[in-house]
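These are my notebook entries on one model. I record here what I looked up and how each term was defined.

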Amino acid sequence: MSSYHLDHLQYLETEAIHVMREVAAEFERPALLFSGGKDSICLLRLAEKAFRPSDIPMPFLNVDTGHHFPELNDFRDRRAAQLGGKLIVRKVEDAIKAGIAVPTPGEISRNRLQIPTLLAAIEEFRFDCCIGGARRDEEKARAKERFFSFRDAFGQWDPKNQRPEIWNLYNARVNPGEHMRVFPLSNWTEMDVWEYIKREKLEVPTIYFSHTRKCVRRNGQWLPVTDILPPKPADQVKELVVRVRTIGDIISTGMVESPANTVDDIIAEIAAARVTERGSRADDKTSEAAMEDRKKQGYF
Amino acid sequence: MPHSSHPIEILRFNTCGSVDDGKSTLIGRLLYDSKSLMEDQIEALERSADITGGGQINLANLTDGLRAEREQGITIDVAYRYFATPRRKFIVADTPGHVQYTRNMVTGASTANLSIVLVDARNGVIEQSRRHTFIAALLGIPHVVIAVNKMDLVDWSEERFLEIRDEIESFLPRLDVLRDVKFIPISALNGDNVVEMSKHTPWYVGPSLLGHLETVHIASDWNMSGLRLPVQWVNRPNDPTDKQLHDFRGLSGQLAGGIVKVGQKVMVLPSGLKSTVKEIWTYDGQLQEAFCPQSITLVLEHDIDVSRGDMIVGLDNLPGMTSELRARVCWMNQRPLQAGRKYFLKHTTQTVQTVVTAIEDRINIQTFEPEPDPTELVMNDIGEIRIRTAKPLIFDGYGVNRLTGSFILIEQGTNATVAAGMLLPPSELVKPEYNDFAI
Ligand SMILES: Nc1nc2c(ncn2[C@@H]2O[C@H](COP(=O)(O)OP(=O)(O)O)[C@@H](O)[C@H]2O)c(=O)[nH]1
């Protein structure tokens, strides 16, 4: 009997493949949210495992804030092409021009503006399901998220009125105008993701690895110096050996000082790390309920 | 941390108990003591310490995730937590203890290998303890731990511990599916017997709670005896440029029971058509055999008509197949269940219309006795019903296979999930010679 036995990555993988196939079978117009980040890289491999030798039966969708790391977008385009997938990119910039997303005066961050941009894309293509790479271990509000997370006609999440999710029987029914967000990596941890990247020999964007970069100190974090985020005279600017641990926008992603050059180095670093990955993202720090508020409005 | 060479298993467990029994504190303690807490999480705990009063870190804050809950100071839904030791990875479902939230416990326990039922040593066994133990039995949780908490508040009294143990053991025979029940005296607040053995309980011989979680035998929690492959998705590349791919027709799904081998004779239900397994196809190459719960794609020798919702089974150990069924349900919706109501029923990969033809009984949670002929089942009630489905289900009794013996009911219109159902064993099995004339 002992050989009929899955290790933790194999267990998480078969669970995720099952979820992906439920999406393909139960929805008419699903999409897969692909940013080029490490979690969505795993999603694409799982999609290959779920659907090959057929084509992956859904397009890839990305909301481009215009504040992405350029390395990330290059990787996104290349990987989507390698897989022969159709990549749909919708830009916050265009949504602002069309009046779909309206920045508040002085608002530099594009974080909030992703929400209307994404919801407009869902409406445009009449997607009834979006697969995302969110994990429950990322953040407290996500810990209560379902695999199949129902969104009403306004794209909103109601944490007090979630469908109970029992066994592996996912209720995928939605009425027209409503949609589902589906999270196959719900049960994965940051460590699982990197171990899977290692086992599957997956390529990741170079910014996950150590490199030299000019950074500016803001809110206790090192943020990359760019045209969008020029240092002010009083700022402390330093050239550091850094990498990203989680990728948000280039103006809010804290760079962590790290010599990690390989996936093995990263795994060793996470094993020893004393800060969670979202600890390096300014957008979550504002208040403890920050993520929860954004999710209710339709954030990933 | 776990990146050593030996394979690491996942153990899924849930915690249950009444409000204030210490569930959140216990999970906080497990995360804290197994060093799964990060600096920023501890910092966030400290930042929110004054919300709950007192300057001290409140371990419970870790799992009381949502703002609405923090404001009310209660946990209202199922939250999932993750931690690891060098021996195992753990997925924890934190399920709340209010009377009205039984449905959350059913949700959290449905995927668990093990349930931890917390009992406050001062209050002893109360209705909630009985209810939670009963639900663990109902859901066929293979392993149960009764954690007698707050032992520090009863002076670490062995007598008190034994009293509670005896009381629970007195009703266990009525829940005979619970074969592995362990009692552990703990203090979640101080950590006694949670990770390290406590010096306050020299009379307790046995593992610490975490020690038990790390070593309890879970390899045989899956059903390996009868091949069940619910067809999830038919894989047809239809590639006109590649002859081999053009003809490829795979049946994709996650094995819900047993083992499948290349060359094995199988039957497709409900048609009864038989064929032989030609290939077990996966992205990582073809396999000679596969087992539950692997996700695979089968290619059969014959090009027979198979679609989603069909089930591929082995010729020994056949399932039941009928559209008149009996089941236990846990009702999960505000709108009560009455006989005659129609729902969608999702079972394995098949969704069918169903009508509830009768409510046979409602379980009295105090006595575990069924009370016959109730007029309805309300939220959090557990009872036995009869149903008729528009198409036959291919199923096993829930006690034999949790994956092919379970279903959910979905309300038409709102699409709410209104019930969790556990099928009673079939009165008749499919016969091996069923439909022999067809091929
Ligand atoms: N003395 C003592 N207090 C405890 C223990 N475990 C939990 N508590 C306290 O009991 C109260 C309720 O605990 P909590 O974890 O929030 O309970 P929950 O409602 O089951 O999640 C809190 O004030 C805890 O500090 C224990 O082992 N000993």
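**Cysteines**

I looked up Cys130(A) and found a relative accessibility of 1%, so Cys130(A) counts as buried (under 20% relative accessible area is buried, over 50% exposed, in between partly exposed, with a 1.4 Å probe and protein chains only). I note that the model is predicted: local features need pLDDT of at least 70, side-chain atom pairs count only at pLDDT 80 or more, and totals for chains, interfaces and linings use all residues. Residues are numbered from 1 along each chain as its sequence is written, chains are lettered from A and ligands numbered from 1 in the order in which they are written, and side-chain values use heavy atoms, with hydrogens and water left out.

Cys130(A) is in no disulfide, and its nearest cysteine sulfur, that of Cys129(A), lies 6.5 Å away.

**Helix H6 of chain A**

I took helices (H or I, at least four residues) and strands (E, at least two) as DSSP runs, numbered from the N terminus. Eight of the 10 residues of H6(A) are buried, so H6(A) is largely enclosed by the rest of the structure. Among them are Met191(A), Trp194(A) and Ile197(A). The cover includes H1 (8–26), H2 (38–51) and H7 of chain A, together with E3 of chain B. Just after H6(A), I noted a positive phi of about 50° at Lys201(A).

**Packing of H6(A) on H7(A)**

I found H6 (190–199) and H7 (263–272) of chain A packed at an angle of about 165°, their axes 10 Å apart. Axes are lines fitted to C-alpha atoms, for helices over the stretch in contact, and angles run from 0 to 180 degrees between N-to-C directions. H6(A) and H7(A) are therefore roughly antiparallel (over 145 degrees; under 35 is roughly parallel, 65 to 115 roughly perpendicular, the rest oblique). Contact (heavy atoms within 4.5 Å) involves residues including Trp194(A) and Lys198(A) of H6(A) and Ile267(A) and Ile270(A) of H7(A).

**Phe90(B)**

I located Phe90(B) in strand E3 (88–94) of chain B. With 1% relative accessibility, Phe90(B) counts as buried. Setting aside residues up to four places away in sequence, I listed its contacts, among them Leu11(B), Phe13(B), Tyr82(B) and Leu213(B). Phe90(B) and Leu255(B) stand 165 residues apart in sequence and 23 Å apart in space, C-alpha to C-alpha.

Technical notes
Disulfide = S-S within 2.5 Å.
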